[in-house]
Amino acid sequence: DLVFIEVRARITAGRWVDPEQTVTFPKQLRIERAARQFLSSYQGRATGIRFDILAWDGSFWKHLLRAWR
(Lines give C-alpha, C1' and ligand atoms only; values in the text may rest on other atoms or scores of the structure.)
Protein backbone atom coordinates (compact mmCIF):
# COMPACT_ATOMS: atom_id res chain seq x y z
CA ASP A 1 0.00 0.00 0.00
CA LEU A 2 0.91 3.61 -0.52
CA VAL A 3 0.40 5.36 2.83
CA PHE A 4 -0.52 9.00 3.32
CA ILE A 5 0.25 10.05 6.90
CA GLU A 6 -1.08 13.14 8.64
CA VAL A 7 1.23 14.10 11.52
CA ARG A 8 -0.53 15.96 14.32
CA ALA A 9 0.32 17.61 17.64
CA ARG A 10 -1.51 20.52 19.22
CA ILE A 11 -1.41 22.56 22.41
CA THR A 12 -4.44 24.69 23.24
CA ALA A 13 -4.58 26.90 26.34
CA GLY A 14 -1.39 25.26 27.62
CA ARG A 15 -2.79 21.71 27.39
CA TRP A 16 -2.19 18.99 24.83
CA VAL A 17 -5.26 18.30 22.71
CA ASP A 18 -6.10 14.78 21.53
CA PRO A 19 -4.36 15.08 18.13
CA GLU A 20 -6.48 12.61 16.19
CA GLN A 21 -9.58 14.65 16.99
CA THR A 22 -8.04 17.58 15.11
CA VAL A 23 -8.23 15.70 11.80
CA THR A 24 -11.76 16.82 11.01
CA PHE A 25 -13.86 15.65 8.07
CA PRO A 26 -12.99 18.78 6.01
CA LYS A 27 -9.29 18.14 6.74
CA GLN A 28 -9.70 14.52 5.61
CA LEU A 29 -11.26 15.74 2.36
CA ARG A 30 -8.31 18.09 1.73
CA ILE A 31 -5.84 15.27 2.35
CA GLU A 32 -7.77 12.95 0.03
CA ARG A 33 -7.83 15.64 -2.67
CA ALA A 34 -4.05 16.05 -2.36
CA ALA A 35 -3.64 12.26 -2.53
CA ARG A 36 -5.75 12.08 -5.72
CA GLN A 37 -3.62 14.79 -7.29
CA PHE A 38 -0.45 12.90 -6.34
CA LEU A 39 -1.88 9.61 -7.65
CA SER A 40 -2.76 11.16 -11.01
CA SER A 41 0.94 11.07 -11.90
CA TYR A 42 2.09 8.22 -9.63
CA GLN A 43 3.86 5.43 -11.50
CA GLY A 44 4.95 3.26 -8.58
CA ARG A 45 4.03 -0.33 -7.81
CA ALA A 46 1.62 0.20 -4.90
CA THR A 47 -1.81 -1.27 -5.59
CA GLY A 48 -3.72 0.24 -2.67
CA ILE A 49 -3.73 3.33 -0.50
CA ARG A 50 -4.46 4.08 3.11
CA PHE A 51 -4.67 7.14 5.34
CA ASP A 52 -2.94 7.04 8.74
CA ILE A 53 -2.48 9.55 11.54
CA LEU A 54 0.73 9.90 13.53
CA ALA A 55 -0.27 11.71 16.71
CA TRP A 56 1.92 13.26 19.43
CA ASP A 57 0.18 13.89 22.74
CA GLY A 58 3.09 15.57 24.49
CA SER A 59 4.49 12.30 25.84
CA PHE A 60 3.99 9.55 23.29
CA TRP A 61 3.56 8.95 19.58
CA LYS A 62 0.48 7.02 18.52
CA HIS A 63 0.22 5.57 15.00
CA LEU A 64 -3.39 5.14 13.93
CA LEU A 65 -3.55 2.76 10.98
CA ARG A 66 -6.39 3.26 8.50
CA ALA A 67 -7.60 6.31 10.42
CA TRP A 68 -10.38 6.89 7.89
CA ARG A 69 -11.85 5.85 4.58
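Which residue's side chain meets Glu 6 in a salt bridge at 3.0 Å, N to O? The partner is Arg 8.

The model is predicted: local features need pLDDT of at least 70, side-chain atom pairs count only at pLDDT 80 or more, and totals for chains, interfaces and linings use all residues. Residues are numbered from 1 along each chain as its sequence is written, and side-chain values use heavy atoms, with hydrogens and water left out.

**View 1. The salt bridge of Glu 6 and Arg 8.** A salt bridge here is a side-chain nitrogen of Lys or Arg within 4 Å of a carboxyl oxygen of Asp or Glu. Four salt bridges are counted by this rule. In this one, N and O are 3.0 Å apart. Glu 6 is buried, at 14% relative accessible area. Arg 8 is also buried, at 12%. The classes are buried (under 20% relative accessible area), exposed (over 50%) and partly exposed (in between), with a 1.4 Å probe and protein chains only.

**View 2. Lys 27 meets Glu 6.** Their side chains form a salt bridge of 3.6 Å, N to O. Lys 27 sits in helix α1 (residues 25-39) and Glu 6 in strand β1 (residues 2-8), so the pair ties together parts 21 residues apart in sequence. Helices (H or I, at least four residues) and strands (E, at least two) are DSSP runs, numbered from the N terminus. Lys 27 is partly exposed, with a relative accessible area of 21%.

**View 3. The salt bridge of Lys 62 and Glu 20.** The closest N and O atoms are 2.7 Å apart. Lys 62 belongs to strand β5 (residues 61-68), while Glu 20 is in the loop between β3 (15-16) and α1. The pair links distant parts of the chain, 42 residues apart. Lys 62 is partly exposed, at 39% relative accessibility.

**View 4. A network of Glu 6, Arg 8 and Lys 27.** Salt bridges with shared partners join these three residues into one network.

**View 5. The surroundings of Trp 56.** Trp 56 is part of strand β4 (residues 49-56). Its relative accessible area is 23%, so Trp 56 counts as partly exposed. Contact means heavy atoms within 4.5 Å. Neighbours within four places in sequence aside, Trp 56 contacts Arg 8, Ala 9, Trp 16, Pro 19 and Trp 61.
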